[in-house]
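Please look at the sequence and the structure first.

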Number of protein chains: 2
Amino acid sequence: MPKPTFFNLPDDKRARITEFALDEFAARPYHRASLSRLVARAGIAKGSVYQYFEDKLDLYRWLLTEEVPRRKAEYMRRQSEKSPPVTSLAGFLRAAVLSGVRFFLADPRLSQLGSAISTPTDDPELRALYAEATAMGHERFTQMLTGLVEAGQLRGDVDPALVARIIASVLGSGLRDIVLGHLGVDVFELGRDRSLGERLTGAELERLVDDILGVLVDGLRP
Amino acid sequence: MPKPTFFNLPDDKRARITEFALDEFAARPYHRASLSRLVARAGIAKGSVYQYFEDKLDLYRWLLTEEVPRRKAEYMRRQSEKSPPVTSLAGFLRAAVLSGVRFFLADPRLSQLGSAISTPTDDPELRALYAEATAMGHERFTQMLTGLVEAGQLRGDVDPALVARIIASVLGSGLRDIVLGHLGVDVFELGRDRSLGERLTGAELERLVDDILGVLVDGLRP
DNA sequence: CAGTCACATGACTCTATAGTCATATGACCG
DNA sequence: CGGTCATATGACTATAGAGTCATGTGACTG
């Protein structure tokens, strides 16, 4: 947890530091992210970081478990207000896929950071952090699927936890790879130049999502 | 490319160095892997590494583009000799999934290294290396799928390259996550203690694969 | 005005890395 | 035996990172 000093900071200064921290930790894996570079860019002294946070991991943990989820939830809330509630499998998945891609394109930094929790790491401390963050999302997702099975919208002959993992792998890293492959760019390029994401028109996006959904819902059989 | 000196080495010495190099680069992402640790474990001098290779990347590139594919191809060849040739979609996918999981469990080190090519990286040199290695596999896979469409085994209304990506995401990182989630272990734990993989019995494996295939082939609809 | 308190600073320590290089070893040859 | 050539070595250099700490600053207070 950040120290009180961090929250006592003037809003604009705290916001500026947060932005540069998001930049730094989204652009590089944790161990390659550099506090020296962060402070140089943000225009603060090295020692100040340790006035605000316990250490590097404390800063990263705060971004990952507080700041990113807060921003993502806000984004998702705004999205879901625009569209009607869904009950069908296709509707549920369509909403999930579309908002996933849109969030991804809207702020690649955030989803890059968010997706870090599903990458394997050799560092035990990071692993614990990632496991904690992953477990929350996975459990909520499995519950939603169980609801769909009970409503007769989803085949019930397969373990919902397994189905959750399959869908998660397609909609998680899989979706990222598909969109990036379609755009012909790399996550880190996208992070540096957000306008690259605008290459994907609304119509192309719908087409892409419908194709993925078609395969997920109806399978690969002709 | 390794220097001639490396290939002039006595077979057992070269093999020992290769083993420790596989250990080191499988256990840690490239930038966290340490040549100092490698030479300490392998019992050679730091300078010797530079008698054998241009630099760290040269060693890593050799492992990734020569040694790992050679070993994987060997493994796959032995596997396919045991089973009859397949032409149906289900048969094709079943063989792909089963051999994928088995290879994964047989030597987590190799598949860990092999899967590194599909992880995003901020390092341009690594990205070029990974892109080269990925492109080869992806193209071959798309061609096989096109063949299945022509044989009427696979729906043809969706871009084969997209289907290839969906399947690849499920059978690639997705499959890894599913098996690991099922075992309740982590790739790096598995790499350190190979016996963990034996917790998954043959029957459980078949069941798991059939479930994944069922979802892939028939879709999520009840 | 003197004192206190929260915050800011950047030079510094400690540690680890990739890569270098002068020197040594030892097998083989004339 | 003397010399040459491939190979081995580990102390050393250069670089970069996280984290520390003594010192400074400036606003508010009695």
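By what turn and what shift along the axis can chain B be laid on chain A? A turn of 180° and a shift of 0.0 Å along the axis do it, with an RMSD of 0.0 Å, where copies are superposed by least squares on the C-alpha atoms of residues with pLDDT of at least 70 in both. This is a predicted model, in which local features need pLDDT of at least 70, side-chain atom pairs count only at pLDDT 80 or more, and totals for chains, interfaces and linings use all residues. Residues are numbered from 1 along each chain as its sequence is written, while chains are lettered from A and ligands numbered from 1 in the order in which they are written.

**The two copies**
- The turn of 180° with a shift of 0.0 Å is the relation of a two-fold axis.
- In chain B, Gly219(B) has the C-alpha nearest the axis, 1.8 Å from it.

**DNA strand D**
- Around DNA strand D there are 17 residues, counted as near if the C-beta atom, placed from the backbone, lies within 6 Å of the strand.
- Among these 17, Gly47(A), Lys56(A), Asn8(B), Ala45(B) and Gly47(B) come nearest.
- H4(B) gives the most to this surface, with four residues; helices (H or I, at least four residues) are DSSP runs, numbered from the N terminus.

**Helix H2 of chain A**
- Helix H2(A) covers residues 11-27 and reaches 24 Å from its first C-alpha to its last.
- Ile17(A), Ala21(A), Glu24(A), Phe25(A) and Ala26(A) of H2(A) are buried (20 or more other C-beta atoms, placed from the backbone, within 10 Å of the residue's own).
- These buried residues pack against H3, H5, H7 and H10 of chain A, with contact meaning C-beta atoms, placed from the backbone, within 7 Å.

Note on methods
Helices (H or I, at least four residues) and strands (E, at least two) are DSSP runs, numbered from the N terminus. The expected span of a helix is 1.5 Å times one less than its number of residues. A residue is buried if 20 or more other C-beta atoms lie within 10 Å of its own, exposed if 12 or fewer, and partly exposed in between; C-beta atoms are placed from the backbone. Two residues are in contact if their C-beta atoms, placed from the backbone, lie within 7 Å.
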